[in-house]
Amino acid sequence: MMNNKMHKPGTILPHKTRATIPNNPYANHDKQNKGLGDLVETIAQPIAKVIDKLAGTKIQECNSCKKRKKYLNKIVPKI
């Protein structure tokens with residue numbers, strides 16, 4: 001759990017977006033993380049999104065990426 005001395009967990013931050021600090025930011029980690037493929041996807045998707053925006057491509061929707069994720073989850077199932 002994050003140690004943030006300025007704000008208590010679950011409080012609304014004083015920003016225009018009205019974002020909140022989650023009570024436990026890692027609560028769904030085990031449910032979301034199936035293996036190495038999910039870890040690679042977590043890192044690669046934001047990068048692909050930026051490339052798509054700058055270059056006008058559609059890397060984020062790549063079928064090869066989905067196949068690679070599935071394969072990596074199969075060989076390294078749980079991280």
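1. The structure is a predicted model, in which local features need pLDDT of at least 70 and side-chain atom pairs count only at pLDDT 80 or more, while totals for chains, interfaces and linings use all residues. Residues are numbered from 1 along each chain as its sequence is written, and side-chain values use heavy atoms, with hydrogens and water left out.

2. The chain contains three helices and zero strands, and its pattern along the sequence reads α-α-α. Helices (H or I, at least four residues) and strands (E, at least two) are taken here as DSSP runs, numbered from the N terminus.

3. Of the 79 residues in the chain, 13% count as buried, where buried means under 20% relative accessible area, exposed means over 50%, and partly exposed lies in between (1.4 Å probe, protein chains only). The accessible surface of the chain is about 6,900 Å², and carbon and sulfur atoms hold 59% of that surface; such areas come from the Shrake-Rupley method with a 1.4 Å probe, and for residues only the protein chains shown count as cover.

4. Helix α2 (residues 36-55) and helix α3 (residues 63-75) have axes that come within 6 Å and cross at roughly 140°. The axes are lines fitted to C-alpha atoms, for helices over the stretch in contact, and the angles run from 0 to 180 degrees between N-to-C directions. The two helices α2 and α3 are therefore oblique to each other, given that angles under 35 degrees count as roughly parallel, over 145 as roughly antiparallel, 65 to 115 as roughly perpendicular and the rest as oblique.

5. On the α2 side, the contact (heavy atoms within 4.5 Å) is made by Leu36, Gly37, Asp38, Val40 and Glu41, and on the α3 side by Lys69, Leu72 and Asn73.

6. Which residues are linked in a network of salt bridges? They are Asp38, Glu41 and Lys69, a salt bridge being a side-chain nitrogen of Lys or Arg within 4 Å of a carboxyl oxygen of Asp or Glu. Asp38 pairs with Lys69, their closest N and O atoms being 3.3 Å apart, and because Asp38 lies in helix α2 and Lys69 in helix α3, this pair ties together parts that are 31 residues apart in sequence. Glu41 and Lys69 also meet in a salt bridge, at 3.0 Å from N to O.

7. Asp38 counts as buried at 8% relative accessibility, whereas Lys69 is partly exposed at 25% and Glu41 is partly exposed at 31%.
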